[in-house]
Amino acid sequence: MQLPQKIEHLARILDQTRKAKKEIVKLTDNYPELDLKLAYQVQDRGIKIRIEEQGEKIIGYKMGLTSKAKMKQMGVANPIYGVLTSSMQWQHASQVEMDHLIHPKIEPEIAFLVSKELSGRPTADQALQACSAVCAAMEIIDSRYLNFNFTLPDVVADNCSSCGFVLGPWIKNPIQIDLSNLGMLLEIDEKASQFGSSAAIYEHPAQSLAELVTMLDQQGKKIEAGSIVLAGAATAAIPLQRNQTFKTTVQELGSVWIGAI
Ligand code: OOG
Ligand code: MG
């Protein structure tokens, strides 16, 4: 298969798996030639399919595997990024319908609102200066692979297990908040489930944002003004289950919650 056909083929496999809600064995089992470079091309094509055929829009990016807890949970040790589209955002305090998903998990995160274009290789401070707001967030991941079992290229091709996310109320002027070591708590039905610190997110969530910009720069890309960025989970992800409510509270930033039905 020629390269463009291969990219198309792999992107279609993942897109169909997402729509059919039936997990598959990881791509590298059958396509050992899938490397990181090809994986980001497959991710790109998968997002274009969603834009061209499903009317979605790009609204931001997510960083993944930025914490030691997540790297350990997934057995993969490099940060990666994926794309957020308009269909992935759930409203704060709304309900997620489990029937639409495969085997979703939820994780506590911090999100940024980037209000000035970010490109090149900024420092964490420079990246933060381009943001007008920050908030407590949760990401719902739903790997298209059996048992979330994947290698780095597999998960990158699969848009880093992206499924959805929910944002708490935006807090303005993030530059005035010390984001380096904020306590983070994920509760299930008001019982503590996971504890973490914003320090677990690439040592500082703004450092994760700066790393995202640098990784995008290597692909000739930048973050547009108005984009949302999820900086990465602070703890391991936990399975989403019906009839439960999941709430993340971040010190200084407040809370966000969502139910599953
Ligand atoms: C990959 C996505 C990781 C994060 O915040 O670390 C991620 C996965 O765990 O399936 O979103
Ligand atoms: Mg995440």
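A: Ring pairs link Tyr40, Tyr61 and Tyr81 into a cluster, where rings of Phe, Tyr and Trp (its six-membered ring) pair if their centres lie within 6.5 Å, planes under 30 degrees apart counting as stacked, over 60 as edge-to-face and the rest as tilted. This is a predicted model, in which local features need pLDDT of at least 70 and side-chain atom pairs count only at pLDDT 80 or more, while totals for chains, interfaces and linings use all residues, and side-chain values use heavy atoms, with hydrogens and water left out. Residues are numbered from 1 along each chain as its sequence is written, with chains lettered from A and ligands numbered from 1 in the order in which they are written.

The whole structure holds three aromatic pairs. One of them is the stacked pair of Tyr40 and Tyr81, at 4.6 Å centre to centre and 25° between the planes. This pair links distant parts of the chain, since Tyr40 belongs to helix H3 (residues 36-54) and Tyr81 to strand S2 (residues 80-85), 41 residues apart; helices (H or I, at least four residues) and strands (E, at least two) are DSSP runs, numbered from the N terminus. Tyr61 and Tyr81 have ring centres 6.3 Å apart and planes at 75°, so their pair is edge-to-face. Here Tyr61 in strand S1 (residues 58-64) is joined to Tyr81 in strand S2, 20 residues apart. Both Tyr61 and Tyr81 are buried, as is Tyr40, buried meaning under 20% relative accessible area with a 1.4 Å probe and protein chains only.

Turning to the ligands, the magnesium ion (ligand 2) has Glu107 (OE), Glu109 (OE) and Glu139 (OE) as its protein donors, 2.0 Å from it; donors are N, O and S atoms within 2.8 Å of the metal (3.2 Å for Na, K and Ca), and water is not among the atoms, so sites may look incomplete. In sequence these donor residues follow the spacing E-x1-E-x29-E. Glu109 in strand S5 (residues 105-114) and Glu139 in strand S6 (residues 131-141) are 30 residues apart. Glu109 is buried at 0% relative accessible area, and Glu139 is buried at 1%.

Ligand 1 has an oxygen atom 2.8 Å from an N or O atom in the side chain of Lys70, and likewise one 2.8 Å from an N or O atom in the side chain of Glu107. A polar side-chain atom of Glu139 lies 2.9 Å from an oxygen atom of ligand 1.

Note on methods:
Buried < 20%, exposed > 50% of the residue type's maximum accessible area, 1.4 Å probe, protein only. Polar contact = N/O pair within 3.5 Å; in protein donor to acceptor, adjacent residues only side chain to side chain.
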